[in-house]
Amino acid sequence: MPLSSRRARRAIVAATLVTAGLQAHAQTTEAPTSIIETPTNSAMDAPLFYQLLIGELELQNGQAGVAFQVLLDAARRTSDEALFKRVINIAVQARAGDQALMAARAWAETVPTSVDAGQSVVQLLSLLNRPAEAREPLANLLRIASDAQRPGLMLALPRLFQRSPDPKSVLAAFAPVLQAQTGNMKPVAMYTEARLAINAGDNARALALTRDLAEALPDSDDAMQLAVDLLPVAPQAEILITTRLQQKPDQHALRQAYGRALVKAQRPADAAREFRLLTEYTPDNPAAWLALGAIELELKHPAASETALREALKRLDTPAAGSDAEIKARAEGRQQAWLMLSQAAEQRGDLKAAEAALQKVDSSALEVQYRRASLLARQGKLADARKLLRPAADASDADVRALLLAEAQLLRDQRDFAGSLAVLTTATERFANDPDLTYEQAMMAEKVGKFDVMETLLRKVIELKPDYHHAYNALGYSLAERNQRLPEAKQLIERALQLAPGEPFLVDSLGWVEFRLGNLPEAAKLLRQAHGGRPDAEIAAHLGEVLWASGEQDEARRVWQEADKRDPKNEALRETLDRLKVKL
């Protein structure tokens, strides 16, 4: 494209000034006498220098498109990799992805052995969400890269394409390239393909690759990392972890990751087992004690929780040098410990001790506000408690939403279900189409007997967020509890389990619907599984009733007695015992 007359004059003037300056320098400068070496002659000729100057001037004057074309041509002529990078950067800064990709491809064609060029092509295709086009560039990149470079290039793929709206297409594009890797590169390729399979939701494939990797490299941690990540969605991965821990019980980082995965999978009893072992193996680790205290609290074991939390405080209170981040983390750990000690005391019914522990917490965080409000409500000061949770006039939407949820939970804990429903109705009017708020509103609608409203709201949640497994489970369980539309109830719960395999509350729901359908052996099997993973009082109530109906009354009593010790006021347990006229 010819330059405009004004632009041409500007370029000619600039070139004339540069030429004149160079000529003057040549006429006045004598040969150097210092020890600095005389520079070698540059490969840049006058036309190329002029071309680069024009490109930079165009860029400075806002003509990025012209600068891109001029400098790209110069990069092609010189095979200058730094210049290609400059051209790509110009296009990226101008948000011209296709032009950046064109420049990267030109670079790869001009310098076919350049790893940087090949990497730029793959990276830009990831930004443009065109994984299918990246297959051949990736294969070529891995061919020209050194053995030291190839692992990093493969391992970067899941992160590069993690925002792709179609992760299955990413897996389909790269799997053939990864499967073609041999020798020392094979395990890295297997790990990368497994990561891409997890992103794509292909858990069976990811599990198979994890098993193969564990077999190929028995002492590697990579397979264990994959197994831990797969545990919530592929329970079969657990055997890989437990086998490794049996063989090498001193792998404390793996045990800690396993314990956290069990918490995520709603299996606090199993998680507590692992963290108890961790505190035995690493007694000076405050994080292990803190985690154990939190899990025991969730299991409604306040005495065990308090013991673990005080052990954590002993280690957190010990003066220790460290970075600012480490000192801050220890301070935050102390705050968490005191907050949970307050909760544990409240669970024991010792409100004075709960308040004393809360006084040690120097924070205005919502959780602290809620605990203070809960203590006030337990003392009969519900109006004062609700005032603590009222948002300020200038509160952000996020804070208002959180405080409304907290107030609704407070009223729910006080069994004011109508009041809680009113708060949640206000919340959903302000925050329309919020799946979490709508779900909570549905749960309160059920509590006040508005089952049609509950079903409408839960179906809305499913429409808003089709992978919201709690909604499928809640609707299925409610139907089973009322002995209505049992085949549909079972389908809903099975769908929830597809989305969150093995979660104890979902397994409990499926066991309960099997009981309603008259399948006592299957119901007992499922409820034992659920109770083993999470010995919750409501799950215990269901398991006990199935055992009672199956003629195993002694075992039923044992299950109920254990639950009664942990949570004597549990509504489901009390209702079951009263209905069956059982005295423990």
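Helix α29 (residues 504-516) packs against helix α31 (residues 537-549) at an angle of about 30°, and their axes lie 10 Å apart. That makes α29 roughly parallel to α31, a label for angles under 35 degrees. This is a predicted model, in which local features need pLDDT of at least 70 and side-chain atom pairs count only at pLDDT 80 or more, while totals for chains, interfaces and linings use all residues. Residues are numbered from 1 along each chain as its sequence is written, and side-chain values use heavy atoms, with hydrogens and water left out.

**Helix packing**

- The crossing of α29 and α31 is left-handed (the near helix is turned anticlockwise from the far one by less than a right angle).
- Pro504, Phe505, Asp508, Trp512 and Phe515 of α29 make the contact (heavy atoms within 4.5 Å) with Ile539, His542, Glu545, Val546 and Ala549 of α31.
- Helix α19 (residues 324-348) and helix α21 (residues 366-378) pack at an angle of about 20°, with 11 Å between their axes, and are therefore roughly parallel to each other.
- The crossing of α19 and α21 is left-handed.
- On the α19 side, Leu339, Ser342, Gln343 and Glu346 meet Glu367, Val368, Arg371, Ser374, Leu375 and Arg378 of α21.
- Helices here are DSSP runs (H or I, at least four residues), numbered from the N terminus; their axes are lines fitted to C-alpha atoms over the stretch in contact, and angles run from 0 to 180 degrees between N-to-C directions.

**Salt bridges**

- The structure holds 43 salt bridges (a side-chain nitrogen of Lys or Arg within 4 Å of a carboxyl oxygen of Asp or Glu).
- Glu193 and Arg205 pair through their side chains at 2.9 Å, N to O, linking helix α11 (residues 185-199) to helix α12 (residues 203-216) across 12 residues.
- In that pair, Glu193 is buried at a relative accessible area of 4%, whereas Arg205 is partly exposed at 27% (buried means under 20%, exposed over 50%, partly exposed in between, with a 1.4 Å probe and protein chains only).
- Asp219 and Lys248 form another salt bridge, at 3.0 Å from N to O; they are 29 residues apart, Asp219 in the loop between α12 and α13 (222-230) and Lys248 in the loop between α14 (238-247) and α15 (252-264).
- Asp219 is exposed, with a relative accessible area of 57%, while Lys248 is partly exposed at 28%.
- A network of salt bridges links Glu238, Arg255, Arg267, Asp270, Arg273 and Glu274.

How values were computed: Helix = DSSP H or I, 4+ residues; strand = E, 2+ residues; numbered from the N terminus. Parallel < 35°, antiparallel > 145°, perpendicular 65-115°, else oblique.
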